[in-house]
Amino acid sequence: MTVQGERAATTPASTLEWSRRYSRRVLVTDLLALIWVVFGVQIAWLGFSSNLTTNTADLRLSYFAISIVVIAVWMTGLAVYDTRGPRVIGVGSTEYRLVADASVRVFGFIAIAAYLLRVDLARGYVLIAFPVGILVLLLSRWMWRQWLVAERKHGGYSARVLLVGSTASVLHIGRELARSPEAGYRVVGAAVASGTRGVLPGSTIESHGGIDDVAEALAATGADTVVITSSDDLPPERVRQLSWSLEPGRQHLVVAPSLTDIGGPRIHTRPVQGLPLIHVETPTYSGRKLYTKRAFDLVGSALLIIVLSPVLILLAILVKAGSPGPVFFRQERVGLNGGTFHMIKFRSMVVDAEARLQELSALDRAEGNTVLFKMKNDPRVTRVGAFMRRYSLDEVPQLFNVLLGNMSLVGPRPPLASEVERYDSHVHRRFLVKPGMTGLWQVSGRSDLSWEDSVRLDLYYVENWSLVSDLIILWRTFNAIRSSRGAY
C-alpha cells in the first residue's frame, strides 16, 4: 500500500466512505418509497387481480409485473441522473431538481414504450403513480437532508478541507465555509503562500506551512479535499502538479473563484481549450420575471388575507384592548427605486414610541449593528406587542401593502429614510426590487444579524432572485416564526 493509501485508510469518515454509506441509505428509502407508491396506486386503482391485454399479440400481462418494471426503470433513472451523488446532496436545490427531472423522463420513457408496444396502461394508474411518487421521493430526500444537516453541524458527514492560497484568501474562504456547515465542508487546516505555521490571526485555522508543504499538511490533518483559495501564488503548472499528487477517488481538488454571494443559476462554466471559463449572468429586473413576481404577490397576498382574516380581526381587538391608541401603525419607508410609501403594521408600542426613540438609541443599540436600532426588552413595547413581535404577527397587515403593490411577499427589508441616509453607495442596489414582508434577513437571524450580514443577505437576494427562491424563503419563514429566534 502506498503512503497516500495508508493515510487515506486511516482517515476517519473520508468523503468517499461517508458518501457511499449515505447513498446506500438513500437508495433503500427511494426503493421503499417507490414500492409503496407504485403498488399502493395499483391496488387502490385496479385491485389485487388485474391483467393487461396488449393489442399486438393478445398477450396478457399482470400489473404486478408492470409495477416491478416501473420501479426498476425509475430506480435506474435516479441512478443515471446521479441524484445521490456527494456533490448534490445536503445543500441547494440541485438534488430535488435532479429527482424531479429523472422522474419526468422516466414517465416519458414509459409512455413512449407503452405506445410503441401498444400496451394499454390504465390512465389513472400512470397519472396518479408518477406525481405521487415524485412528491414522496422529494419528501424522503428532504427528511434525509434534515438528518444530514444536523450531522454536519456537529462535524460529521463532511469533507475535511485543507485551504491553500494567500493568507487573506484562506481567511475569507474559511469564514464563508464556516457560515454554512450544512454544505459539508469542514476546514481542518491550511497551507499559506507565506509559509506561516500555527494558528492564523483572527481565526481558528492552523497553517501547516507553505505551498510546497501541501502533502505534509494533508498527512497531518487527514484532509480529503484541497480547496485552492487564490491563484496568485499558484501558477497553472503548480495547480496541475498538485492535482496529480492527490489520490484519485479519495482526495479531491476544488478551486474557489474570487466570487461570493452569486447564485448558482447565474453561473455557467464553459471549457475553452482546457480553460474553464466561468460566465456570470448580469441580473435583470424587468419583463417576464417582473410580471411573474407581481402575479405571485397579488395572488398570494389575496389568498392569505382571506385565510387570515379571523386572525386579523382577533389581533385588532387585542391591540385595541391592550393599550390606548390606534390599532394600526403607519410608518414611511423607502421602497422600489428609492420611492417612499406608508407601511402598515399592528401597533406594538405605546403611542409616544417615536418621541422616545432618540433617548433609547443613545442608550442601547443592537450589538454589531451601527445603522439599525433594535433593542432587546424595549420598554416602549406593550404586552400584546411583545407577543405579536415574537411571532411576527404585527407584520401581517403588510399583506395589504403587497396587495397594493408597495411591497412584495419576499424581498429586502424596508428601511427608514434615516437609515438610507447612512447607506454606502453599493447598498442602494437593494432598491432595485420591492421590499418584502420576509426575506433572507428574516430567515437567517433577523435582529440578531450585524449590519454587514443584513446588507450581504439583502444584496444576495437582489442579485439572485428567482420564484423558486421566494418559495423556499416563504417555507423557511414559517420555521423562523415558530422558533422566534432574533425577534424582538
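Trainee: Which residues make the nonpolar surface patch of about 390 Å²?
Mentor: Leu27, Val28, Leu31, Leu32 and Ile35 make that patch. Keep in mind that this is a predicted model.

Trainee: Where does Val28 sit?
Mentor: Val28 is in helix 2, which covers residues 15–46.

Trainee: Okay, inside now. How many residues does the largest nonpolar core have?
Mentor: That core has 28 residues. Those with the most contacts inside it are Val70, Trp74, Leu78, Leu121 and Tyr125.

Trainee: Which elements give two or more residues to this core?
Mentor: Helix 2, helix 3 (63–80), helix 4 (94–116) and helix 5 (123–153). As background, nonpolar side chains tend to be buried together in soluble globular proteins.

Trainee: Take Leu78. What does Leu78 touch, leaving out residues up to four places away in sequence?
Mentor: Leu78 touches Asp30, Leu34, Thr83, Arg84, Val99, Ala102, Ser103 and Leu137.

Trainee: What about the second core, how many residues there?
Mentor: The second core is separate and has 27 residues, among them Val396, Met407, Leu409 and Leu457.

Trainee: Asp30 and Arg84 were both on the Leu78 list. What joins the side chains of those two?
Mentor: A salt bridge, at 2.9 Å from N to O. Arg84 is in the loop between helix 3 and helix 4 while Asp30 is in helix 2, so the pair ties together parts that are 54 residues apart in sequence.

Trainee: Is Asp30 buried or exposed?
Mentor: Asp30 is at 0% relative accessibility, so it counts as buried. Arg84 is at 10% and therefore counts as buried as well.

Trainee: Which arginine forms a salt bridge with Asp30 at 2.7 Å?
Mentor: Arg141, with 2.7 Å between the closest N and O atoms. Arg141 lies in helix 5 and Asp30 in helix 2, so this pair links parts that are 111 residues apart in sequence. Arg141 is buried too.

Trainee: Which residues are linked with them in a network of salt bridges?
Mentor: The network takes in Asp30, Arg84, Glu95, Arg141 and Arg145.

Trainee: How many salt bridges does the count come to?
Mentor: The count comes to 14. One of them joins Arg413 and Glu419, with the closest N and O atoms 2.9 Å apart.

Trainee: Are Arg413 and Glu419 buried or exposed?
Mentor: Arg413 is buried, with a relative accessible area of 14%. Glu419 counts as buried at 5%.

Trainee: What does the side chain of Thr196 have a polar contact with?
Mentor: With the side chain of Ser194, at 2.8 Å.

Trainee: And which residues does Thr196 touch, not counting those up to four places away in sequence?
Mentor: Ser207, His208 and Gly209. Glu206 is 10 residues from Thr196 along the chain, and their C-alpha atoms are separated by 9.3 Å.

Notes: Residues numbered from 1 in each chain as written. Predicted model: local features only at pLDDT ≥ 70, side-chain atom pairs only at ≥ 80, totals over all residues. Heavy atoms only, no water. Contact = heavy atoms within 4.5 Å. Polar contact = N/O pair within 3.5 Å; in protein donor to acceptor, adjacent residues only side chain to side chain. Patch = residues over 30% accessible without salt bridge, like charges linked within 9 Å, V, L, I, M, F, W, Y side chains within 5 Å. Areas by Shrake-Rupley, 256 points an atom, 1.4 Å probe, with all protein chains shown as cover. Salt bridge = Lys/Arg side-chain N within 4 Å of Asp/Glu carboxyl O. Helix = DSSP H or I, 4+ residues; strand = E, 2+ residues; numbered from the N terminus. Core = buried A, V, L, I, M, F, W, Y, C linked by side-chain atoms within 4.5 Å. Buried < 20%, exposed > 50% of the residue type's maximum accessible area, 1.4 Å probe, protein only.
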